[in-house]
Amino acid sequence: MAASDAPLVAMLGIVKRFGALTANDRVDLQIRRGEIHALLGENGAGKSTLVKILDGLLQPDAGEILWEGRPVVLPDPEAAARLGIGMVFQHFSLFDNLTVAENIAVALPGEGGRSEVARRIEEVGRSYGLTLDPSRPVWTLSAGERQRIEIVRALLRKPKLLILDEPTSVLTPQEADGLFTTLERLAADGCGLLYITHRLEEVKRLCSRATIMRGGKVVAACDPRGETVAGLASLMVGADVHEVRPAPAHAVGKIRLELNNLHLPAPDLHGTPLTGAMLQVQGGEVLGIAGVAGNGQSELFAALSGESLAPRPEDVSIDGAPVGREGIDARRLRNAAFLPEERLGHAAAPRFTLSENVVLSRHATGGLVRRGVLKTGEAQRIAREVIRVFDVRKGGEDPPAATLSGGNLQKFVVGREILREPGVLVVNQPTWGVDAGAAATIRQALVDLAARGSAVVVISQDLDELFAISDRIAVLHAGRLSAARSARTATREEIGILMAGGHATDAA
Amino acid sequence: MSLTEAILLTVVAAATPLLIAALGELVVERAGVLNLGLEGMMAVGASCGFAAASLSGSTVVGVVAAIFAGMALSAVFAFLTLGLAANQVASGLALTILGLGLSGLVGEAFVGTRLDPVGRIEVPGLTDLPVVGKLLFGHDPFVYIALLLTIGTAWFLKRTHHGLVLRSIGENHVSAHALGLKVLRTRLLAVLFGGACAGLAGAYLSLAYTPFWSPGMTAGRGWIALALVVFASWMPWRALGGALVFGGATVLQLHAQAASIGLPSQALSALPYIATIVALVLMSLGRGRSSAVPGSLGMPFVPDR
């Protein structure tokens with residue numbers, strides 16, 4: 001076979017094991033020049049492992065990689081870059097304290113001075129519609145702008161194959177449209193693109209071929225344009241995905257959680273200040289807070305939970321009581337519960353056992369401490385209860401939190417808070433990086449809790465999730481919280497404009 | 001020579017070893033490695049430099065020996081923290097203890113020996129200028145080396161590609177690795193550079209500042225240099241200013257004792273160290289929101305395979 005007829009890259013029989021887990025089990029993948037190839041699969045299906053092997057970050061235990069028909073070994077990312085493989089990472093691989101130009105120049109050895117690099121950044125920016133100011137430090141940029149840096153950096157290395165790992169997860173719908181235009185131009189120029197995602201609408205719109213992975217294996221290869229979204233989803237999940245049942249009609253009660261013109265300075269140089277946040281959440285409703293990452297979500301969560309104290313007591317109220325100057329435990333004692341974004345390290349201590357993690361958030365409210373001594377039996381009983389009700393899969397009787405899979409640990413920490421029957425629950429990113437089954441369980445539990453009369457606030461970057469479970473949606477942009485609008489009547493476009501900082505009809 | 005002039009000259013002399021050691025450590029920390037073994041490496045540099053200079057009769061041989069001694073000790077640190085990904089704080093503290101012990105062993109035979117101090121560079125005509133003459137043109141070579149080192153590190157970090165690579169690695173080693181940068185190799189070179197600088201700073205102490213060897217003669221200067229790096233927010237030029245401030249505190253303490261101002265001498269001897277603590281407190285109060293700290297500082301790097 002002549003080199004020019006061969007696929008751009010072919011991965012044959014790739015096997016990668018991590019201990020007992022087989023992340024990739026005899027995976028085959030072929031990408032041609034000029035195609036946008038989708039790699040689909042749930043979290044944990046083995047997509048990231050496969051592309052890390054292709055980028056030289058991981059070494060396969062078995063299998064072969066053919067580049068333009070010739071077998072190659074990729075011992076490190078540098079070797080992959082020399083062949084012409086570029087990668088745009090899911091979690092940005094940028095250097096916050098360096099400028100845009102420095103972030104790009106660092107990947108381009110021996111390419112002339114800074115002014116030369118700045119000139120080429122503008123050149124690529126113009127031809128692909130990716131405008132960037134080379135002198136800005138990265139920490140001042142939005143997620144969309146950061147992604148542009150990654151793409152420009154990859155493009156300046158003149159890739160023949162560009163891998164994009166979940167590129168739209170941090171973008172507003174409008175920013176995503178801009179990205180798709182860029183990708184189509186790249187494909188038209190002959191670059192092969194491997195597009196990793198679990199968003200099926202995007203795949204149908206953008207990709208001409210799709211490889212679908214489940215449990216470390218390739219389960220199907222198809223032309224996504226000829227498939228339905230439901231068909232692709234069941235291939236990906238291996239079963240029909242069950243939808244969240246909307247809560248039965250229930251009365252919306254009195255206001256249980258309130259923010260009253262809260263102003264909070266940024267906690268550190270790279271943080272976002274909150275300006276004039278107003279919010280009223282009634283018992284019986286789920287209020288969703290949308291927004292692109294880094295627009296003040298963690299700051300808002302900290303203000304609601306009491307990790308950051310408000311300047312005035314009346315800034316935050318729980319069931320009518322001013323709690324702005326009260327800490328987390330005081331607010332918990334008012335029957336509120338809080339669940340932060342990171343499950344390992346913030347919501348749970350990784351090396352502590354599950355029952356010890358129960359104590360961490362329930363020590364004030366759960367009757368788990370008597371005269372300074374822990375009641376370990378009671379903590380274990382609560383842990384067993386959470387595990388039973390939320391179907392948490394684990395190894396061992398009371399294992400350390402870090403040994404659970406993401407989805408199971410998330411079910412555990414959600415269950416830990418929900419089984420307390422809190423009157424107010426604030427969660428940040430409840431299903432981030434969780435498999436579809438666990439996500440459905442968690443969403444259902446949140447909706448059901450609201451139906452029992454609690455006020456539930458869900459901060460999430462997943463618009464589909466917010467539309468599925470919220471009664472009302474507010475949008476956070478640059479530390480400003482918009483007025484909440486009904487999730488039944490709001491459109492994705494309307495929310496998208498607010499997420500990008502635009503003004504909808506009645507935006508603050 | 002006026003008294004002011006004399007005091008300023010001694011301030012410069014006291015600042016020089018702090019500056020040299022701090023510049024080395026600054027580069028190491030910019031690469032993301034925290035080497036707390038500065039004191040030990042300086043001590044070994046001081047004793048080996050003195051021993052080599054007395055045996056050979058040549059100051060240059062002494063200085064070169066000191067640099068290699070500092071590098072050798074830092075290589076041990078690099079093996080532990082980069083090769084075995086050991087904890088950097090524990091390894092650095094162990095290095096200090098090891099270095100202080102080794103320096104005593106090497107220097108034992110030379111206790112009581114004296115050498116001629118390193119001569120000053122005098123430029124005919126210029127050195128005799130009034131007021132500025134001695135301050136600009138009357139120092140020993142180490143002072144000028146320290147200045148060149150400041151210019152050199154500032155230029156390297158800010159202007160060269162390798163400097164950018166080094167800063168990126170210190171900022172975020174996971175990203176740097178994913179971009180194909182050589183994290184461990186760069187850090188090894190940085191640590192060796194830090195060792196060389198610490199060795200040179202030690203040589204200054206035993207060959208120029210006080211031209212004899214006595215155990216423990218580094219007297220905590222390694223720790224002050226470490227604080228100086230933080231004080232300078234990891235910027236070479238600010239390290240120069242900081243070194244003069246700390247050097248000034250050292251000299252002030254001597255003059256205050258001589259003038260017997262009624263404070264116990266122990267309290268005055270503690271002045272430079274108190275200044276260190278005060279500077280660090282002021283820094284964190286005034287710039288609590290700063291993020292000059294290299295993002296990966298002190299974290300071991302182990303690539304996935």
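**Chains A and B, term by term**

Visitor: What share of the contacts in chain B with a separation of 6 or more comes from residues 24 or more positions apart?
Guide: In chain B, residues 24 or more positions apart account for 78% of those contacts, a contact being two residues whose C-beta atoms, placed from the backbone, lie within 7 Å. For chain A the corresponding figure is 68%. This is a predicted model, in which local features need pLDDT of at least 70 and side-chain atom pairs count only at pLDDT 80 or more, while totals for chains, interfaces and linings use all residues. Residues are numbered from 1 along each chain as its sequence is written, and chains are lettered from A and ligands numbered from 1 in the order in which they are written.

Visitor: Why is chain B called as compact as a globular protein of its length?
Guide: The globule rule, 2.2 Å times the number of residues to the power 0.38, is set against the radius of gyration over C-alpha atoms. For 305 residues the rule gives 19 Å and chain B has 19 Å, so the label holds.

Visitor: How much of chain B counts as buried?
Guide: Of its 305 residues, 49% do; buried means that 20 or more other C-beta atoms lie within 10 Å of the residue's own, exposed 12 or fewer, and partly exposed in between, with C-beta atoms placed from the backbone. In chain A, 47% are buried.

Visitor: What makes a set of residues a nonpolar core?
Guide: Its members are buried Ala, Val, Leu, Ile, Met, Phe, Trp, Tyr and Cys residues joined through C-beta atoms within 7 Å. The largest here has 235 residues, and B:Ala22 and B:Leu228 have the most contacts inside it. Helix H9 of chain B (residues 183-209) gives the most, 16 residues. Among the residues that B:Leu228 touches, beyond four places in sequence, are B:Leu18, B:Ala22 and B:Phe246.

Visitor: How many residues does each chain bring to the contact between them?
Guide: Chain B brings 18 residues and chain A 22 residues. On the chain B side, helix H7 (161-171) and helix H8 (173-178) each give two or more, and H7(B) has the largest share, six residues.

Conventions:
Helices (H or I, at least four residues) and strands (E, at least two) are DSSP runs, numbered from the N terminus.
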